[in-house]
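Work through these exercises with the sequence and the 3D view side by side. Try each task before you read its solution.

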Amino acid sequence: MDTGLLILRLLVGLLVAGHGVQKISTHLGGKGLDGGAREFRADGFRGGALTALAAGGGQIGSGLLLTAGLLTPLAATGAIGVMTVALTVKWSNGLWVQNDGYEYPLVLIGAAVALAATGPGTWSLDDALGLTPYPLWWTALVLTAGVGSGLLTRLALHRAPTA
């Protein structure tokens, strides 16, 4: 089980962090902070560079924490929050990624919830620091806070469509 959790943490954590790096730099195929700001404006968000920095920083931080298995409930909450925003952007395209749908953010949300429910495993900083096991009821809190923060972000920063 610990090997599976390590693989899941590495995959999900590094992908989430990589998305953050792309939003604020030219690394990993990113278009720099200006490109990240343009992407958010094109998706109807206010804030430009500040929005890109906040989203990118949130993704990098939560992704690296998930990768390390450190403060796993907090890391999962952050990943769920940013992926909830991404899901809302792609919602109108339907589920499937072939149509630019929300399939991929949904999978990352599900994986983050699974890590919150199982804990990061023995090969994690949480375990090394004696922070595990986390109580199972934290999973509901993590999911609620993650989805709630993503939806509040969408509500606060998304511009209403102009007619």
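**Exercise 1.** Which backbone oxygen lies 2.8 Å from a polar atom of the side chain of Thr77?

*Solution.* Two notes come before the steps. The model is predicted, so local features need pLDDT of at least 70 and side-chain atom pairs count only at pLDDT 80 or more, while totals for chains, interfaces and linings use all residues. Residues are numbered from 1 along each chain as its sequence is written, and side-chain values use heavy atoms, with hydrogens and water left out.

Step 1: find Thr77 in helix H4, residues 72-90. Helices here are DSSP runs of H or I with at least four residues, numbered from the N terminus.

Step 2: look for the partner. The oxygen belongs to Pro73. A polar contact is a pair of N or O atoms within 3.5 Å; within protein, one must be able to donate a hydrogen and the other to accept it, and residues adjacent in sequence count only if both atoms are side-chain atoms.

Step 3: check the surroundings. Leaving aside neighbours within four places in sequence, Thr77 is in contact (heavy atoms within 4.5 Å) with Val142, Ala145 and Gly146.

**Exercise 2.** Is Thr77 buried or exposed, and why?

*Solution.* Step 1: take the cut-offs. Buried means under 20% relative accessible area, exposed means over 50%, and partly exposed is in between, with a 1.4 Å probe and protein chains only.

Step 1: apply them. Thr77 has a relative accessible area of 17%, so Thr77 is buried.

**Exercise 3.** Which residues is Val142 in contact with, leaving aside its neighbours within four places in sequence?

*Solution.* Step 1: list them. They are Pro73, Ala76, Thr77, Ile80 and Ala116.

Step 1: compare sequence and space. Val142 and Leu74 are 68 residues apart in sequence, but 7.4 Å apart in space, C-alpha to C-alpha.

**Exercise 4.** At roughly what angle do the axes of helix H5 and helix H7 cross?

*Solution.* Step 1: locate H5 at residues 103-118 and H7 at residues 138-157. Their axes come within 8 Å and cross at roughly 150°.

Step 1: name the arrangement. That angle makes H5 roughly antiparallel to H7. Angles over 145 degrees count as roughly antiparallel, under 35 as roughly parallel, 65 to 115 as roughly perpendicular and the rest as oblique.

Step 2: list the contact residues. H5 gives Val113, Ala116 and Ala117, and H7 gives Thr139, Val142 and Leu143.

**Exercise 5.** Which residues does a cis peptide bond join?

*Solution.* Step 1: look for omega of about 0°. The bond joins Thr132 and Pro133.

Step 1: Pro133 is in the loop between helix H6 (125-128) and H7.

Step 2: recall the background. Most peptide bonds are trans, and most residues other than glycine have a negative phi.

Step 3: find positive phi values. Leu71, not a glycine, has a positive phi near 50°. Leu71 sits in the loop between helix H3 (49-68) and H4. Asp100 has a positive phi near 60°, and lies in the loop between H4 and H5.

**Exercise 6.** Why does Thr51 count as buried?

Step 1: read the value. Thr51 has 9% relative accessibility, so Thr51 counts as buried.

Step 2: find its partner. The side chain of Thr51 reaches the backbone oxygen of Arg46 at 2.5 Å.

Note on methods
Helix = DSSP H or I, 4+ residues; strand = E, 2+ residues; numbered from the N terminus. Axes fitted to C-alpha atoms, helices over the stretch in contact; angles between N-to-C directions.
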